[in-house]
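The following note is meant for a student who is opening this model for the first time. Please keep the sequence and the structure in view while reading the numbered points.

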Amino acid sequence: MAISMIHGMIDHYVMLFRGTPVMLSDIAAIGTAANVSKGYSAPIELSVLRAAAAAVLFCVSVCLMQRSFKVHKRWYFRRLFSLPCVLVLAFIAYTGIQTVGTGLAFWQSSRQYSEIFYFLRCATSSFVKQPEGYSADALSAAQSEFTGKQGTKTPNLIVIMNESFSDLGSVGALETNEDPMPYVHKLMQGQENTISGQLTVSTFGGGTANTELEFLTGDSMAFLPYNCSAYQVFIKSEMPNLTSGLDSLGYQTAAIHPYLSTSWNRTNVYRFFGFEAQYYQDDFAADASRVRDYISDSASYKKIFELYENKRENTPLFVFNVTMQNHGGYDWDGDGYFDKRIYLTGEEQDKYPTVDQYLSLVRYSDDAVQELISYFSKVDEPTAIVFFGDHQPNLPEDFYNTLLESQRGNLSDAELRQKKMVTPFFIWANYDIEEQTNMQISANYLSAYALNALGCSTSGFDQMRLALQQQIPVMNVNGYRLPDGTWYPQSEQPENDLLNDYHNAEYAQIFDAKNRSDEWYTP
């Protein structure tokens with residue numbers, strides 16, 4: 001009972017903070033969880049107190065009712081004393097224990113599956129097997145078809161993966177006092193030299209590093225265990241990726257994350273990926289601006305300006321910046337600089353204070369994006385910015401249900417699920433590129449698409465993904481979307497030879513250094 005109760009409590013609060021249950025791979029992410037835990041507050045819930053009390057009383061009752069053959073009087077005393085415990089336990093059970101909405105079953109995380117079953121079932125899927133038909137010959141045949149493309153441009157490439165940045169209006173209609181992201185919306189409405197649209201990712205409410213993986217490597221979480229942390233579980237040595245490819249083209253490369261260096265095993269992974277330099281919270285000035293208790297997007301972008309102004313002469317710069325400002329939870333009441341600028345109006349006004357705080361954070365991010373583009377629009381060197389959110393925020397489930405309610409019946413269950421897996425993205429350049437709006441793409445394709453659109457050199461692996469993107473425009477951990485809008489769930493992978501080749505290429509890139517050709521993955 002004690003073990004089950006502790007596990008149930010952990011799962012309850014992980015569900016509350018992140019929106020997904022505990023998985024086997026979370027064991028490897030304990031350090032990351034500890035890093036960000038101070039941003040959350042655990043509410044004292046009556047249901048949790050009742051469940052904990054029931055578990056304690058159960059254990060006490062069992063201990064007291066154990067018969068002692070040596071001291072009979074003590075046994076009778078224990079049995080008599082245990083009666084009140086049993087009565088109280090019965091009363092709690094009668095009134096209903098609802099730690100996670102499942103009545104008496106402390107260990108369940110939903111009304112359909114017990115949490116222990118769910119944990120163990122997913123654990124058995126946490127090991128990656130070779131794709132069917134995988135072989136060195138199959139890899140070679142696919143690689144001979146896609147050889148890459150020589151580019152004409154080597155712009156400074158600034159990539160911003162903005163923490164929890166999303167447009168909640170794309171999930172469903174909501175009323176606010178002002179537009180939370182007026183500048184980004186303006187960019188995405190056909191601005192010159194700008195490509196924009198919606199990016200489908202493979203995580204919700206957390207799991208930032210998995211979106212990083214999809215962008216930097218071009219690999220899809222669709223072929224990896226659900227909810228695993230690939231950075232911590234699978235990336236154990238050097239492997240070809242976007243960073244190593246740009247390094248081979250003469251780029252100066254740097255990664256920025258204005259928080260702790262210990263999260264998601266980043267220091268090792270970035271080293272394996274080939275980043276020349278890494279910058280974390282300790283590399284920022286003590287007086288760097290903060291929003292709540294996190295270094296602001298604005299301060300993070302000023303670090304990029306500093307790197308640009310001090311980069312090696314005649315050397316293009318690649319910066320991969322993972323921001324921190326908008327990280328959950330959204331119930332900040334401390335002394336950090338923060339003004340409630342955006343809030344829900346209409347029927348939802350004052351109903352969801354955490355949503356109001358999140359929307360205000362988005363406005364701070366929007367202001368910082370304007371600073372970023374204003375700075376690089378004035379530089380002489382060709383420069384491009386790729387901006388996207390890593391996932392949507394973990395906000396109250398009732399709020400998301402309200403956004404989605406009017407769409408039920410018009411959209412399939414798969415389409416409704418994917419609504420919560422979408423963030424905005426844009427590609428901006430200070431030189432001529434072909435504009436495009438309302439584009440639908442997934443994170444595993446974005447780096448290849450950006451390089452091609454910006455006139456940069458692309459690898460054979462990039463060209464394979466660009467070809468696949470024409471046949472399967474969007475894919476993620478939940479499924480695959482065809483050009484006609486049809487969604488295939490993950491369990492029903494569409495028959496597609498190029499998709500199989502891509503699966504093989506991803507497996508080789510991550511797991512089979514012996515048979516992969518590193519040169520094929522880099523321009």
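1. The note begins with a loop residue. R292 sits in the loop that runs between β5 (290-291) and β6 (294-295). The model is a predicted one, and in it R292 has a positive phi of about 60° although it is not a glycine. Is R292 buried or exposed? Its relative accessibility is 3%, so R292 counts as buried, the cut-off for that class being under 20% relative accessible area.

2. N265, which is not a glycine either, has a positive phi of about 60°. N265 is placed in the loop between β3 and α11. For background, most residues other than glycine have a negative phi, and most peptide bonds are trans.

3. The peptide bond that joins G328 and G329 is cis, with omega at about -5°. G329 belongs to the loop between β7 and α13 (353-376).

4. The protein chain contains 18 helices and 13 strands. Of its 523 residues, 55% are buried. Its accessible surface is about 23600 Å², and carbon and sulfur atoms account for 52% of that surface. Among contacts between residues at least 6 apart in sequence, 76% join residues at least 24 apart.

5. Helix α11 shows how burial can be arranged along a helix. α11 covers residues 266-273, and its buried residues are R266, V269, Y270, F272 and F273. Why can these residues be said to line one face of the helix? Seen down the axis of α11, the buried residues fall within an arc of 160°, so they line one face. An α-helix has 3.6 residues a turn, so residues three or four places apart point the same way. The buried residues of α11 pack against helices α8, α9 (230-233) and α10, and against strands β3 (252-256), β4 (277-279) and β7 (317-322). After α11 comes G274, with a positive phi near 100°.

6. Nine of its 11 residues are buried, so α16 is largely enclosed by the rest of the structure. Among the buried residues of α16 are N444, Y445, S447 and Y449, along with A443, L446 and L451. α16 is followed by G455, whose phi is positive, near 85°.

7. Two further loop residues deserve attention. K311 lies in the loop between α12 (297-309) and β7. K311 has a relative accessible area of 13% and is buried. Leaving aside residues up to four places away in sequence, K311 touches N156, Q252, L317 and E381.

8. N193 is the other loop residue, found between α7 (182-187) and β2. With 9% relative accessibility, N193 counts as buried. Which residues does N193 touch, not counting residues up to four places away in sequence? They are I427, W428, A429, Y431, D432, I433 and E435. N193 and D432 are 239 residues apart in sequence, yet their C-alpha atoms are 5.7 Å apart in space.

9. A search of the whole structure finds six cavities of 30 Å³ or more. The largest cavity has a volume of about 90 Å³. It is lined by 16 residues, and those nearest its centre are N241, L242, D462, R465 and Y521. Two or more lining residues come from each of α8 (208-217), α10 (242-248), α16 (443-453) and α17 (460-471). By class, the lining of the largest cavity has eight nonpolar, six polar and two charged residues.

10. The final point concerns an open space. The second largest pocket holds about 250 Å³. Its lining has 13 residues, of which Q198, V422, Q440, R481 and W487 are the closest to its centre. β2 (194-200) and α15 (413-419) each supply at least two lining residues, and α15 gives the most, with three. By class, the lining of the second largest pocket has four nonpolar, six polar and three charged residues.

Note on methods:
Residues are numbered from 1 along each chain as its sequence is written. This is a predicted model: local features need pLDDT of at least 70, side-chain atom pairs count only at pLDDT 80 or more; totals for chains, interfaces and linings use all residues. Side-chain values use heavy atoms; hydrogens and water are left out. On a 1 Å grid over the protein atoms alone, a cavity is a set of points where a 1.4 Å probe fits but cannot get out, and a pocket is an open set with protein on both sides within 12 Å along at least five of seven lines; lining residues have an atom within 4 Å of a point. Grid points are joined across faces, edges and corners, and a volume is the space filled by probe spheres set on the points. Helices (H or I, at least four residues) and strands (E, at least two) are DSSP runs, numbered from the N terminus. Ala, Val, Leu, Ile, Met, Phe, Trp, Tyr, Cys and Pro count as nonpolar, Asp, Glu, Lys and Arg as charged, and the others, Gly among them, as polar. Buried means under 20% relative accessible area, exposed over 50%, partly exposed in between (1.4 Å probe, protein chains only). Contact means heavy atoms within 4.5 Å. Accessible areas come from the Shrake-Rupley method with a 1.4 Å probe; for residues, only the protein chains shown count as cover. The arc is that of the directions from the helix axis to the C-beta atoms.
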